[in-house]
Amino acid sequence: RDVDPASRESGHGYQGVSSWLFQGALRILKQEFGLRPSDHTFVDIGSGKGRGLLLADQAGFRRIIGVEY
């Protein structure tokens with residue numbers, strides 16, 4: 001597909017979030033701050049192909065929002 005030249009200049013290559021890194025960060029948020037995903041909305045700015053959104057769904061977030069141009 002064609003991408004608007006202005007968007008192409010500010011875009012970056014795709015790299016999905018590592019599942020072990022996502023789960024590790026989530027584990028720390030749960031242990032250190034008492035995060036309960038079911039009480040929160042997960043927002044992914046620059047969600048790409050959606051791996052982070054899928055991981056957030058598996059983690060049990062109440063609502064999930066992905067933003068991508």
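Residue numbers start at 1 along each chain as its sequence is written, and side-chain values use heavy atoms, without hydrogens and water. Because the model is predicted, local features need pLDDT of at least 70 and side-chain atom pairs count only at pLDDT 80 or more, while totals for chains, interfaces and linings use all residues.

**Overall fold**

The chain has 3 helices and 2 strands. From the N terminus, their order is α-α-β-α-β. The radius of gyration is 14 Å, well over the 11 Å of the globule rule for 69 residues, so the chain is more spread out than a compact globule. That radius is taken over C-alpha atoms, and the rule is 2.2 Å times the number of residues to the power 0.38. Helices (H or I, at least four residues) and strands (E, at least two) are DSSP runs, numbered from the N terminus.

The C-alpha atoms fill a box of roughly 45 × 20 × 20 Å along the principal axes. Of the 69 residues, 19% count as buried. Buried means under 20% relative accessible area, exposed over 50%, and partly exposed in between (1.4 Å probe, protein chains only). Among contacts (heavy atoms within 4.5 Å) with a separation of 6 or more, 36% join residues 24 or more positions apart.

**Helix 2**

| Item | Value |
|---|---|
| Residues of helix 2 | 19-33, 15 residues |
| Span, first C-alpha to last | 21 Å |
| Expected span at 1.5 Å a residue | 21 Å |

The expected span is 1.5 Å times one less than the number of residues. Phe-22, Gly-24 and Leu-26 are the buried residues of helix 2. Their cover includes strand 1 (41-45) and helix 3 (51-59). After helix 2 comes Gly-34, with a positive phi near 70°.

**The chain start**

Asp-2 sits in the segment before helix 1 (5-10). Asp-2 counts as exposed because its relative accessibility is 81%. Asp-39 is 37 residues from Asp-2 along the chain, and their C-alpha atoms are 39 Å apart.

**The largest pocket**

The largest pocket has a volume of about 290 Å³. Its lining includes Val-3, Arg-8, His-12, Tyr-14, Gln-15, Glu-68 and Tyr-69. Gly-11, Gly-13, Gly-46 and Gly-48 also line the pocket. The lining divides into 3 nonpolar, 6 polar and 2 charged residues. Here Ala, Val, Leu, Ile, Met, Phe, Trp, Tyr, Cys and Pro count as nonpolar, Asp, Glu, Lys and Arg as charged, and the others, Gly among them, as polar. A pocket is an open set of points on a 1 Å grid where a 1.4 Å probe fits, with protein on both sides within 12 Å along at least five of seven lines; lining residues have an atom within 4 Å of a point.

Note on methods:
Points joined across faces, edges and corners; volume = space filled by probe spheres on them.
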